[in-house]
Structures are given as structure tokens and as C-alpha cells.
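Here are my notes for you to read alongside the coordinates.

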Amino acid sequence: MTADPTIRATPAGAPPLLAVESVDVTLGHGWRANQVLSGVDLGIWPGEIVGLVGETGSGKTTLARTVVGLVNPRRGRIVLDGLPISALRGGARRAERRRGHVQLVFQDPLRSLDPDLTVAEIVAEGLRIRGGADGEEIRRRVTAALEKTGLDATVLERTPGQISGGQRQRVSIARALAVEPRLLICDEPVSALDASSRNHVLRLLYELRTSLGLPIVIISHDLSSLAGIADRVVVLYRGRIIEDGPVDRVFAAPRHPYTALLMASAPSVRHDRPFSPHQLRRAGSGPVPQDGPDACVFAARCPFAADVCATQPPLTAIGERWSAACHRHEEWGALAQPANP
Amino acid sequence: MAIDNRNPSPDLAPSPVGAGSAGQGADEVLRLDDLHVSVHDGAATAVRGVSLRVRAGEIVGLVGESGSGKTLTCRAALGVLPAGCAVERGSVSFAGLDVTSLSRRGWESLHGSHLGAVFQDPASYLNPVISVGHQLTEVLRVKLRMSRRAARRRALELFEAVGLRQPERVFNQIPAELSGGMLQRVMIAIAISCDPQLLVADEPTTALDVTIQAEVLELLQQLRDERGLAVLFVSHDLAVITQLCDRIAVFYAGEIVESGPAGEITRRPRHPYTQALLRVASVGDFRRRELEVIAGQPPRVGADITGCRFAARCPVAVPECGAGPVRAVAAGDQHHVRCVHAAHAVVAP
């Protein structure tokens, strides 16, 4: 899909639809407490597709769960269209959740969809919980949601076990669309699918954004598939955002060494990478001089770590709508050269 | 037992795929001839006439959509077909020995010592309550009759060889204390512990992070270089396969539709299905482009189709495609294609 600039252009200074403001999240209690997110700042503007990437344990899924209110931030807040939803408690929070403004599509549809319900019942469930619609209205909306995801009425009476993996993922998306959300978050929507079905689902998400103007956050570890559809890419490393910028510029010249490592490690049919993974990995297993509680989260793996990296760099603007958290974002590129001229 | 000279089914596969001009080398580790595997207690045939060779020091990749028969082929080569599945026709030879109808005990003596295997989800193949070091020494003590002390020393060497830092520490850890990438390294250490000739790796990196995947692929290449290990590698991701493998076999609906050297397949794919796979693969150029898809669905497992099994989804299908079985023809050095268009090109260059 080619970029459509009319969709992407969000007036500078316009308030984001969703704002994640200095969010810290700790999971577990006492000695098992584990800080999963640290000072996460993120805005999602109407009509954009944002790719959220990072490795296992980097906090991608926790961030998504925090946004929909399944996890409470220890510090900071989540603001949806001016309403601080993370501060809601009790009945107000339950009511907000029932409205379903933010919908989460879970990673594994086989596990997140009830195997005993038919597709029709699964897609209708959110509408029934929200209430305010009669049977006729619900049926109409279910059919409309399935249509939007390219499924026809033949799947209505089947259970998740009776349809293919690609169709199951479409059902998860239809379930989320039925309540007409304002923001869709998809957690690894394509990691369980093979290449062709993967592109089918990604194309569907792209079309939904175009036809409904729906902002979509796609959590993924596959950067190159994001390159096809995302407008912006946000890289998480150990609970911190380390780079956030327009997808074409970040992928053309990543400014954080970890983003560069992710790109260099992605399998490729071609061999025309600016860096090889070797140039971006720390050699040997010796102790890291810059390691410490305040050190940059990536210092222990970074081949370019210097004394300055003994403190965590903040996420700072390095260009228009582009920021990175690296002390040496201007220098490391030169240090990593000359391999592939 | 020796390789019998049975003819592969006459209408298919003029020569086993990948045989090339080298002929029957003594270094041939695995050879599948006209392999047919039936599923559902013989109700359907999921693998139809697969012929394939893997030589020592060579990495051969099997690629295809889910349900294309690549995993069943692998399992037949390992002698671990799931219940209800059986080799219907054809043969599996291991280092020149026909093992098609080997007894369970016979297979057990091959596993570990001659054949190693690594699968997608390492955690489900390891005992969760026993230290990984113990699980590795157990193999060494049973298979190689090593003493406790020698096994421990060897285990630490192996952990080091597969790139686990602090092997002493890892030795005493249980699977839950290790990350996915470390567990896959432990699995590889166990798989190569008795110096097998062949390593079968079925989607070993699918569940791993991309940076760890790159490291595991490098490890497999390094093991091949250092030990002359033959590797049969299965993945649905053509990008992973082309990066790692020397030769590629593309599976579609239970058949190999194209096979040849990796560079040749990616630069000059001849089969429309391979061309489609290359278009949908994560080519990794990070450029914004149209996301392509392959229209239609693969046929049901065991579907009775005369002629080319891809014809229903093929953009260049002609009536001839459905006329009769399509032979695999040579399209270059060691490059074989099962497509009527390729056949024409050979007849009238």
C-alpha cells in the first residue's frame, strides 16, 4: 500500500486522540515487583497507523493493556480525547470500558475467542454487554462488522475451531469493530499467520484506516511488514520508548543503535543492508563499564556505549516528529561504518 | 539393508530433486525417494511423491504455507510420524541405509546419535523441573555411555559451543529460568550432543525475537561449517530460508513445485507459486510498497486434482495445466520446476 499523504497529515499542534503521559507500570508486589514500563510518553493522532515494536518482555503488551485499563499505571495517566481514563474508578471505569472506545485485538485468536460460541455470538458479545441495541440492530451491526473485515455470512454459525487462522484473526477484528471503537490496538495480529494470510490481514487494517479513519496501533516484532502499512514506528526497549518517528525516515536512517540492530537482524531476501548485525552487537561477554542502575537501558548490549551512557538519556526530539533516546545518536553511525560501503 | 533401486513413480520426478550432476555422492546423508505420506489412517495423502537429498555440510530449506506437507516430510525423515500417519509409498534412506520400515527400536538407536531435531517451541520438549544441564548429560550418559564427570565436562563444552554465556550457571538452571533464545540454544546443544550427521530443524526460530533469530541462524551456519553437519530446515518464511540455506525446496499441497540453489531460486524463480511467495515474503527492504497476497486458498489435504495443484490460484494457468500430471523438469543447474510453462521453455528454448 502506498502512503496517502492526505490521511497522514495531522495539523501540527492538534491534540492527540490518545495520550499516554509519563506512565510507569509495575507488575507484581513486594520483592517480586517488576517495573515493566518507565516514563512512557506516547500520542496517537486520529487516522494514523502506529507500529509498536520491541522484543519479548519489552512491555509492548503491557502498554496495550494499560491503555485499555486492564493494568493500572503506578504513575502517569492515560488520556482519551481529553478524558483521563486511567483516573476513573469503580462504576465510571466499568461504564467507560463497556462503551468500548478503545478495542484490543489479542495475539492468539484461538485462545482469545471462546471456542464454544459461534462467530455471530462472538461478534455480538460486545454490543450485548454495552446494551442499548435490540436483536435486530445487533444482527445488522454484526453483519456490517463481518463485511468490513471481508467475511461473508457463511462463517456466522461456525465456531473458531471450524475456520482458518486468517479468518479467526478477521473475526477478532470484526468483534472489535462491532462496537465502533475510536482506537484499535492489535497485539501481534499476524505473528501466527503465514506470509500470504499475514498480508491479507495487514491490508485489511490499512483499508479500515482508510475507510473509517480509524487510528490503529499494531504491535509487532516484524519490522519489515510494518514498513508496508505504518505511518509511524515506536520502538520499546526494556519498558522505555527509545525511538519514535515517521516510518520511512526511521527505516532509512535509524538513530538508536537498537533500532538499527532490529533492522539488521530482520531476515531478508536481499543483501543490501547498511549494517550487519555484527557491527551492532557488543563483542565479548566482559563486564560493561557503563552498567549501573542509572545507566542507559541499552548500554549493556550497545557496542557504542561510552562514559556518558552511565545515565539514562531522555527521549529527545531529533527532527520533525522524530525523537530518540540515545546520547550518541549523532556519533554511533560513523563508528559503525565501514562494512558495506 | 541397502538402497533398493526401485523406480520413482514413472509420471513424476525424472530425478530426485537436488540430485544434480554430482550423482550419488558418498556424503549423501538423507535421501527421500518418491515419498508419499498418508494421514487420517490412510484416508488422504498429504505428501505426494517428494524426492529430496541432503548432503553432509549442506543446509536444505523446505518452505511452504501451513498444511503444505513440509512438517510431515520432516517427521517421516525422523521416523516420528504422528498417529494415523504412515509412509504409503517411497523410501527414506539415511546415510545409504533404507530406514523406511525401520522398527521403533531401530529409530531410537538413530535418534540422538545420528539424527538430531529442534522444534518450534523448545519449552515443550524440555522437562520443566529438571535442570537443563542434567537433561543434556542424560542424553550423553545413555547414548554415549559417558561417566557422570565426562558428561558434565562435555555438556559445558556444548553449552559454550552453542553460544551460551556462563555455561556453569546455565547448567543448573531449569527451563523456566531461561529465555526462549537460550532454551533454543539448549535444544540445539542436546540435538548435536552426540555428533549427529543430520539436524532436522522445524521452524526453530519462529517463536524467537528477530535479534535472537539472527543469532540462532548464525549458530546453525557455524555448526555446519565447523562440524560438516547436514541440516534440514523448515520454515514458512522464505526470507529466513534464503538467508540460511544452500538449497531450497518449495512445497505446495504436498508436492515439491520448485527446488534448487537458494540464490537461483530467489533471483530466477520459475514456478508461479515461488514467484508469489517471493512477492509476499518479508523481503526486508523496509520500503513502503503494496502488500501483495496470493489469491485463493490451497486445496484441501488429499484433494484429488488432476494436473498442477496450483492451477486454481495460478495467474498464468492454461488448459494444459489440468490435463495430466505435471513433470518436474530441469530449469538450470540443479534447478527443477514442476510447471507446464517451464516444460515448454525446455522443449523449445
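The points below go from domains and sheet to the chain contact and the core.

1. A word on the source before anything else: this is a predicted model. Please read each point below with that in mind.

2. Let me begin with how chain A is divided. The assignment gives domain 1 (14–101 + 181–252), domain 2 (116–179) and domain 3 (254–336). Between domain 1 of chain A and domain 2 of chain A, the C-alpha centres are 23 Å apart. Each of these two domains puts 13 residues into their contact.

3. Which helices of chain A supply at least two residues each to the side of domain 1 that touches domain 2? They are helix H3 (90–99) and H8 of chain A. H8(A) gives the most to that side of domain 1 of chain A, with five residues. By class, the side of domain 1 of chain A that touches domain 2 of chain A holds eight nonpolar, three polar and two charged residues.

4. Do have a look at the sheet in chain A. Four strands make up an open sheet, ordered E2-E1-E4-E5 (chain A), with antiparallel pairing. At the edges are strand E2 (34–44) and strand E5 (83–84) of chain A, each of which pairs on one side only. Strand E4 (residues 75–80) of chain A is joined to E5(A) by two bridges, and A:Val79 stands opposite A:Pro84 in E5(A).

5. Helix H2 (residues 60–67) of chain A lies across strand E1 (18–27), E2 and E4 of chain A, and runs at about 115 degrees to E1(A).

6. Is A:Ala174 buried or exposed? The cut-off for a buried residue is 20 or more other C-beta atoms within 10 Å. A:Ala174 has 26 such atoms within 10 Å, so A:Ala174 is buried. Beyond residues up to four places away in sequence, A:Ala174 touches A:Val123, A:Ala145, A:Leu146, A:Lys148, A:Thr149 and A:Leu151. As for A:Ile49, 125 residues from A:Ala174 along the chain, the two C-alpha atoms are separated by 18 Å.

7. The two chains meet through 32 residues of chain A and 34 residues of chain B. On the chain A side, helix H8 (195–212), helix H9 (223–229), helix H10 (247–252) and helix H11 (257–265) each supply at least two residues. H8(A) gives the most to this side, with six residues. By class, the side of chain A that touches chain B has 14 nonpolar, 12 polar and six charged residues.

8. On to the nonpolar core. The largest one has 195 residues, and those with the most contacts inside it are A:Val123, A:Ile218, B:Val200, B:Leu232, B:Phe233 and B:Val250. Helix H6 (residues 180–191) of chain B brings the largest share of this core, eight residues. Setting aside neighbours within four places in sequence, the contacts of B:Phe233 are B:Ile59, B:Val60, B:Gly61, B:Ala201, B:Ile241, B:Leu244 and B:Cys245.

9. Finally, some totals for chain B. Its secondary structure comprises 11 helices and 12 strands, and 49% of its 349 residues count as buried. Of the contacts in chain B with a separation of 6 or more, 65% are between residues 24 or more positions apart.

Conventions. Residues numbered from 1 in each chain as written. Chains lettered and ligands numbered in written order. Predicted model: local features only at pLDDT ≥ 70, side-chain atom pairs only at ≥ 80, totals over all residues. Buried ≥ 20, exposed ≤ 12 C-beta atoms within 10 Å, placed from the backbone. Contact = placed C-beta atoms within 7 Å. Nonpolar A, V, L, I, M, F, W, Y, C, P; charged D, E, K, R; others polar. Core = buried A, V, L, I, M, F, W, Y, C linked by C-beta atoms within 7 Å. Pairing = 2+ DSSP bridges. Axes fitted to C-alpha atoms, helices over the stretch in contact; angles between N-to-C directions. Domains from an automatic or database assignment.
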